[in-house]
Amino acid sequence: MIRIGIDIGGTGIQIGALDDNYHILNQASIPTCTNIPFEAQVDQMVECIHDVLRPEINPELTMNHVLSIGAGIPGIANAEGTVINCTNLGWSYVPLREAFQKRIQKPFYVDNDANVAALAESIAGISAGTSSSVFITLGTGIGSGIILNGKVWKGFHGIGGELGHMILKLDGKPCSCGNHGCVEQYCSASAIIRMAREGLADHPESCIHAICGGDPGKINAKTVFDALHKEDPWADQIFTEYVSCLAQTIANVTNFLDPEIIILGGGVSKAGSVLLDAVRMEFPKYVLFNDQPLPRVEIASLGAEAGIIGAAMLS
Ligand SMILES: [Zn+2]
């Protein structure tokens with residue numbers, strides 16, 4: 001059978017058709033259009049699904065073989081398939097399942113993109129074969145997904161798993177959510193960029209200064225990691241502060257949930273072993289029972305395809 005996965009992002013929508021072994025048989029993408037009505041956005045996605053179903057590529061790629069359709073969104077949705085909020089798309093309380101099922105009569109599921117990535121890794125990625133895992137996306141913001149007994153745990157009301165807005169520092173940096181000191185303000189790529197920009201004028205000797213030519217607007221998270229590779233002391237200071245916050249967050253997850261594995265994804269995770277080694281070294285310090293076996297901490301393995309694979313596996 002075929003499962004369709006739709007990865008709805010802020011700039012583009014990727015649609016893929018998976019076989020029973022979670023392999024993407026065919027995929028296509030369309031730009032995210034926010035200046036057209038919701039129904040027209042759904043029409044475009046449905047058209048793209050039809051484009052992906054090409055029996056000349058594989059005889060199973062027909063609508064008759066489609067078992068289900070799933071979508072991952074940068075927002076939240078309820079069990080009825082209504083998107084409660086998805087700021088990037090301009091969606092608020094839109095009946096996504098109803099709109100799809102009016103056009104294609106197949107089971108349709110929608111979930112948050114971090115939950116979808118967590119599910120993908122637990123089925124076809126680094127956490128395959130585990131029964132409990134927590135996925136943390138270290139991007140512009142912080143997303144997180146919890147898998148318990150092979151299923152996404154999104155809470156009784158569907159609004160759980162928001163690790164990014166747990167408070168890490170009392171009266172800390174103001175957050176977009178209205179609170180202060182959220183994990184997102186210290187563990188996202190934006191946090192690294194903020195620290196680098198704030199201190200730029202005080203560190204004219206730093207490689208960061210040289211890489212960005214003194215222009216704070218040109219700093220991204222990679223700038224700091226590039227400087228770190230050149231053993232730049234100030235980049236090391238930023239990295240140490242970042243790792244400390246991320247390690248405390250991972251320890252909080254461990255103390256509270258004790259999952260089998262914690263997976264780091266998103267832009268910052270591209271730093272790879274330099275990040276992983278530092279975090280693995282640091283987080284046990286903050287774990288209560290740290291003389292016991294601890295969760296494995298790993299980097300996500302599926303990359304950009306996680307969005308399609310996880311969405312297709314929603315049920
Ligand atoms: Zn917040």
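Biologist: How many bridges join strand β6 to β7, and which way do the two run?

Modeller: This is a predicted model. In it, strand β6 covers residues 82-86. Strands β6 and β7 run antiparallel, and the number of bridges joining them is four.

Biologist: Which residue is the bridge partner of asparagine 85 in β7?

Modeller: Strand β7 spans residues 91-95, and β6 spans residues 82-86. Across from asparagine 85, the bridge partner in β7 is serine 92.

Biologist: Which helix packs on that sheet, and at what angle to β7?

Modeller: The sheet is open, with three strands in the order β5-β6-β7 and antiparallel pairing. Its edge strands are β5 (76-77) and β7, each pairing on one side only. The helix touching β6 and β7 is α2 (residues 96-103), and its direction makes an angle with that of β7 of about 45°.

Biologist: Which residue in β13 stands opposite isoleucine 263?

Modeller: Strand β12 holds residues 261-265 and runs parallel to β13, with four bridges joining them. Opposite isoleucine 263, the residue in β13 is glutamate 298.

Biologist: Which element gives the largest share of the lining of the second largest pocket?

Modeller: This pocket holds about 400 Å³ of space. Two elements give two or more residues to its lining, β8 (108-112) and β11. The largest share is three residues, and the element that gives it is β8.

Biologist: How many of the residues lining the second largest pocket are charged?

Modeller: The lining has 18 residues, and those nearest the pocket centre are Asp111, Val152, Lys154, Leu314 and Ser315. Of the whole lining, eight residues are nonpolar and six polar. The charged ones number four.

Biologist: What is the radius of gyration of the protein chain, and why does it agree with a compact globule?

Modeller: The chain has ten helices and 13 strands, and its C-alpha trace spans about 60 × 45 × 40 Å along its principal axes. With 315 residues, a compact globule would have a radius of gyration near 20 Å. The chain agrees with this because its own radius of gyration is 21 Å.

Note on methods:
Residues numbered from 1 in each chain as written. Predicted model: local features only at pLDDT ≥ 70, side-chain atom pairs only at ≥ 80, totals over all residues. Heavy atoms only, no water. Pairing = 2+ DSSP bridges. 1 Å grid on protein atoms, 1.4 Å probe; cavity = no way out; pocket = protein on both sides within 12 Å on 5 of 7 lines; lining within 4 Å. Points joined across faces, edges and corners; volume = space filled by probe spheres on them. Nonpolar A, V, L, I, M, F, W, Y, C, P; charged D, E, K, R; others polar. Rg over C-alpha atoms; globule rule 2.2 N^0.38 Å. Contact = heavy atoms within 4.5 Å. Axes fitted to C-alpha atoms, helices over the stretch in contact; angles between N-to-C directions.
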